[in-house]
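Try each task before reading its solution.

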Amino acid sequence: NPLAMPSVDFWTARLTAIKVIGRYFWLLVWPQVLSCDYSYNQIPIVNWHFNTFEDWKAIIALIAVVTVLLVAIRNYHRNKPLFFFVFFFFGTLLPTSNLFPKLGEPLFEKLSWCIGSIMAERFLYMPLIGFAGCVVLAVYAICRRLVPQLDVSSWAQRIWLQVVARTALSLMVVACGARSFLRNPDWENDERLWTKAVEACPNSFKTHKSLAFAIYEKDPEGKNIDRIIEEGEKARDVTDKTQIVLLHLGAYYRIKGDTLAQRAPDGTLMPTPQSMPWYQKSVEALAKAVPLDHEFNDDNRNKELKRGRKPDQIPDIGNHEIYWNLGLSYMRMSQYQPALDAYLAMRHLAPTNPDAYLSIASVYLSTGHPEEAGISLLEALLLDSNRPEALRLLVDIYRQIDHEGCSVVMTQGQPRLNSDCAIVHNHICSAYYGLVQVFLETKQYDLAKQTKQNALQGYHCPPESFQQLFPEQPTTVSSKS
């Protein structure tokens with residue numbers, strides 16, 4: 001919601017919110033252009049210099065709102081249905097209008113008056129009842145003025161009143177039904193929906209971002225990657241202060257680079273002079289998302305502290321896919337240390353995600369550290385045993401480093417790790433130790449304790465090493481599973 005941005009002061013936000021109500025009025029009267037999204041920056045913030053007609057729309061809307069309310073108040077005794085329907089409209093619109101403070105929050109704080117969106121057509125669902133009531137009253141009021149002009153009896157005038165009024169209302173219903181019928185195909189699929197949204201709201205970052213992603217979902221191989229990138233860059237041109245825009249754009253740049261890379265006989269990608277600039281652009285876009293993700297985490301931490309939570313109870317949060325994609329792009333460029341740092345950041349945000357450990361293992365394998373890679377692969381398998389690629393890599397690693405030849409056994413023609421083999425047992429205990437360490441660092445205390453118990457009970461790992469991680473508690477093996 002742009003009204004919640006630090007650069008927008010309280011009264012500017014309120015006047016812009018009133019301008020939005022004017023847009024709602026126009027949508028109800030003439031719903032020709034509809035959109036599923038009105039994100040930043042489709043609705044410009046009001047400039048108090050009023051240099052453009054867009055700014056004057058706020059004044060026009062304010063006059064319209066005040067006029068409608070005054071008419072309703074004046075008709076309280078003469079036309080109570082009108083009074084009811086007008087205030088029903090504004091009463092049901094008020095909670096989503098950015099003009100009403102949230103209950104229980106500071107009254108004079110700007111964010112207390114802002115919801116998550118500046119405008120949405122769905123916010124009119126309930127107010128439409130009040131609007132429909134006002135339309136009926138207005139049609140009948142107009143007809144009562146026109147029908148007496150007919151040179152017919154009073155009885156015939158009553159008949160004509162009903163005929164004309166109901167015909168006019170029926171035509172309105174038919175017109176709105178036709179508009180709905182024509183709008184329905186726009187919701188056939190995501191690509192069509194967001195294509196129409198881009199046409200209706202070309203200044204919204206979300207319409208371009210979502211259209212790019214919708215095309216990508218239908219074309220994961222990147223055959224239309226140029227168009228995907230074009231829409232992603234339009235979203236970034238609107239705002240580069242949103243993590244998701246930079247995340248998606250960074251991924252699209254990497255896919256473009258992959259289409260220009262070569263493949264070795266074993267299927268691995270080999271960068272080319274044509275692909276490297278795209279990998280670099282991918283890294284640059286994703287790197288810009290990192291500080292935004294840190295700001296998001298800091299903001300969440302401050303909110304949790306205000307709610308009374310202790311610092312050691314607040315885990316870090318963020319979008320781990322930023323760091324996963326950043327690591328992939330660094331790997332494409334053979335920059336292994338930055339890739340490892342990115343994967344470690346991913347693991348910190350998603351400590352139970354096996355992909356983080358698999359990604360870390362890929363760095364170790366690429367830099368010639370098979371033992372460290374093996375431990376990371378075991379950590380992934382301890383989190384999710386249904387990872388055949390991890391088991392396959394582990395088998396290859398142990399066949400290289402196991403000089404005793406006891407680490408891999410064949411069961412029904414399939415390789416299996418032998419936990420009774422010393423090297424495998426030691427690596428499993430190291431993997432458990434690493435997981436406990438990660439869970440403690442990420443404040444997953446219950447999960448850390450459970451993982452420790454699994455290590456002690458399931459594999460009889462040495463308790464001394466775990467005691468260093470839990471110095472305040474005696475290391476004992478629980479009788480509970």
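Contact here means heavy atoms within 4.5 Å. Keep in mind that this is a predicted model.

**Exercise 1.** Work out how the span of helix α4 compares with the expected one, and find which helices its buried residues pack against.

*Solution.* Start with the length: α4 covers residues 127-146, 20 residues in total. From first C-alpha to last, α4 reaches 29 Å, close to the 28 Å expected at 1.5 Å a residue. Next, pick out the buried positions, which include Gly-130, Gly-133, Val-135, Val-139 and Cys-143. Finally, look at their partners: the buried residues of α4 pack against α3 (80-93) and α5 (154-183).

**Exercise 2.** Decide whether Ser-376 is buried or exposed, and list its contacts beyond four places in sequence.

*Solution.* First locate Ser-376 in helix α14, residues 370-383. Its relative accessible area is 6%; because buried means under 20%, Ser-376 counts as buried. Leaving aside neighbours within four places, Ser-376 is in contact with Tyr-357, Ile-360, Ala-361 and Tyr-364.

**Exercise 3.** Describe how helices α7 and α9 cross, and which residues make the contact.

*Solution.* Begin with the axes of α7 (205-218) and α9 (243-260), which come within 11 Å and cross at roughly 35°. The crossing is left-handed. Now list the contact: α7 brings Phe-205, Lys-209, Ala-212, Phe-213 and Tyr-216, while α9 brings Ile-244, Val-245, His-248, Tyr-252 and Ile-255. Sorted by class, these are eight nonpolar, one polar and one charged residues.

Note on methods. Residues are numbered from 1 along each chain as its sequence is written. This is a predicted model: local features need pLDDT of at least 70, side-chain atom pairs count only at pLDDT 80 or more; totals for chains, interfaces and linings use all residues. Side-chain values use heavy atoms; hydrogens and water are left out. Helices (H or I, at least four residues) and strands (E, at least two) are DSSP runs, numbered from the N terminus. The expected span of a helix is 1.5 Å times one less than its number of residues. Buried means under 20% relative accessible area, exposed over 50%, partly exposed in between (1.4 Å probe, protein chains only). Axes are lines fitted to C-alpha atoms, for helices over the stretch in contact, and angles run from 0 to 180 degrees between N-to-C directions. A crossing is left-handed if the near helix is turned anticlockwise from the far one by less than a right angle, and right-handed if clockwise. Ala, Val, Leu, Ile, Met, Phe, Trp, Tyr, Cys and Pro count as nonpolar, Asp, Glu, Lys and Arg as charged, and the others, Gly among them, as polar.
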